[in-house]
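Thanks for coming, everyone. Please have a look at the sequence and the model while I talk you through them.

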Amino acid sequence: MPASAHTITPITPNTPPPEGCIDTQVLGHVLLIGINRPAKRNGWTPPMFRQLAEAYTRLDDDPELRVGVLHAFGDHFTAGLDLPAVSAYMQRGEKAIPEGLVEPHDYGLPGYRRRTKPMVVAVKGICFTVGIELMLGADIVVAADDCRFSQMEVQRGIMATGGATLRMAERAGTGNALLHLLTADEFGSSEAYRLNFVQKVVPAAQVLDEAIAIARRIEAQAPRAVVATRLNVLKAIEQGQAAAVADFIPVQKQLSNSEDAAEGVRAFVERRPARFTGR
């Protein structure tokens, strides 16, 4: 169903403090996670990173939540790091996120949990540095047709350490990744789509509605099967085909003995939508 067919209740953000904040809202089984510092083009500060990790952890820990949607208030997704605010952490080699939480970039940093539930991202306007890395660390990305992307760390004398050096090459090949990583150039939504960095490009006014529509299609599926499917794809990417294949029989055995699998069979026989509970 096209995004234009969906009407979403307008989301009114809280008034953020100067250092910004992360707002959350629950829509059914979907957790909306909003980046809220529009006066500074959603430039990232340490408190915002901590709150984002807390929101991702809430998604994983709450059995009523099945999928997350990361979005931003204002005209832009993010202009990137607020370097004066985060440089001290970088110089000390520290993370602004306390250990034990779900790390939103999701590349297996020691001391942090990895996300299990799916994350859809809606990006618009400026999407620089950490914005690209957060969307690549998610699962499905909807981009507005007005997006401006740039991985510009080399322009600031630093390296991208939120996953861009891993995932750009994984999605687009080494040459394409290095073209953008080493030149810090700016590119648009069509190039991001060509390189498999985003999965859909829609008009800016529809980007959040489309992301929520995708999330709602995911939330209608069996939650445990969604998590297992996502984790198997990641295992294949990170550990290889044999590791993923080794999980096929034991994971399928576990899933097929669940209440949701029985409900799936009943719904098939009765020719109706399934009503999954996550059990």
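Start with Leu 32. Its bridge partner in β3 is Val 69. Keep in mind that this is a predicted model. The two strands here are β2, residues 30–36, and β3, residues 67–72. They pair in the parallel sense, over six bridges.

Now the other neighbour of β2. Seven bridges join β1 to β2, and this pair runs antiparallel. Thr 24 stands opposite Ile 33 in β2. β1 and β2 form a hairpin, with two residues between them. Look at Gly 28 in the turn: its phi is positive, about 65 degrees.

What is the strand order? It is β1-β2-β3-β4-β6-β9: six strands, an open sheet, mixed pairing. Why is one side of β1 and of β9 left without a neighbour in the sheet? β1 (21–27) and β9 (200–202) stand at the edges, and each has a single partner strand, so one side of each lacks a neighbour there. From one strand to the next, the twist averages 20 degrees.

Next, strand β6, residues 140–144. Four of its five residues are buried, so β6 is largely enclosed by the rest of the structure. With β4 it runs parallel, joined by four bridges. Ala 122 stands opposite Val 142 in β6. β6 and β9 also run parallel, and three bridges join them. There, Ala 143 has Val 201 in β9 as its bridge partner.

What lies across this sheet? Helix α1 lies across β1, β2, β3 and β4 (119–123). It runs at about 20 degrees to β1.

The largest nonpolar core has 64 residues. Which have the most contacts inside it? Leu 70, Val 123, Met 135, Phe 149 and Phe 197. Helix α1, residues 46–61, gives the largest share of this core, seven residues.

Take Leu 70. Leave aside its neighbours within four places in sequence. Its contacts then include Ile 33 and Ile 35, Leu 52 and Tyr 56, and Phe 77. Also among them are Met 119, Val 120, Val 121, Ala 122 and Leu 134.

Phe 149 takes us to another sheet. Phe 149 stands opposite Phe 187 in β8. Strand β7, residues 148–150, pairs with β8 in the antiparallel sense, over two bridges. The sheet is open, with three strands in the order β5-β7-β8, and its pairing is mixed. β5 (126–128) and β8 (187–188) stand at the edges with a single partner strand each, so one side of each has no neighbour in the sheet.

How much lies in the largest pocket? About 640 Å³. Its lining counts 34 residues. Nearest its centre lie Pro 223, Arg 224, Val 226, Val 227 and Ala 228. α8 provides the largest share, 14 residues.

Last, the cavities. How many of 30 Å³ or more turn up in a search of the whole structure? One. The space in the largest cavity is about 30 Å³. Its lining is Glu 103, Asp 106, Tyr 107, Gly 108, Leu 109, Tyr 112, Arg 113 and Arg 114.

That's my tour. Over to you.

How values were computed:
Residues are numbered from 1 along each chain as its sequence is written. This is a predicted model: local features need pLDDT of at least 70, side-chain atom pairs count only at pLDDT 80 or more; totals for chains, interfaces and linings use all residues. Side-chain values use heavy atoms; hydrogens and water are left out. A nonpolar core is a set of buried Ala, Val, Leu, Ile, Met, Phe, Trp, Tyr and Cys residues joined through side-chain atoms within 4.5 Å. Buried means under 20% relative accessible area, exposed over 50%, partly exposed in between (1.4 Å probe, protein chains only). Contact means heavy atoms within 4.5 Å. Two strands pair if DSSP finds at least two bridges between them. Axes are lines fitted to C-alpha atoms, for helices over the stretch in contact, and angles run from 0 to 180 degrees between N-to-C directions. On a 1 Å grid over the protein atoms alone, a cavity is a set of points where a 1.4 Å probe fits but cannot get out, and a pocket is an open set with protein on both sides within 12 Å along at least five of seven lines; lining residues have an atom within 4 Å of a point. Grid points are joined across faces, edges and corners, and a volume is the space filled by probe spheres set on the points.
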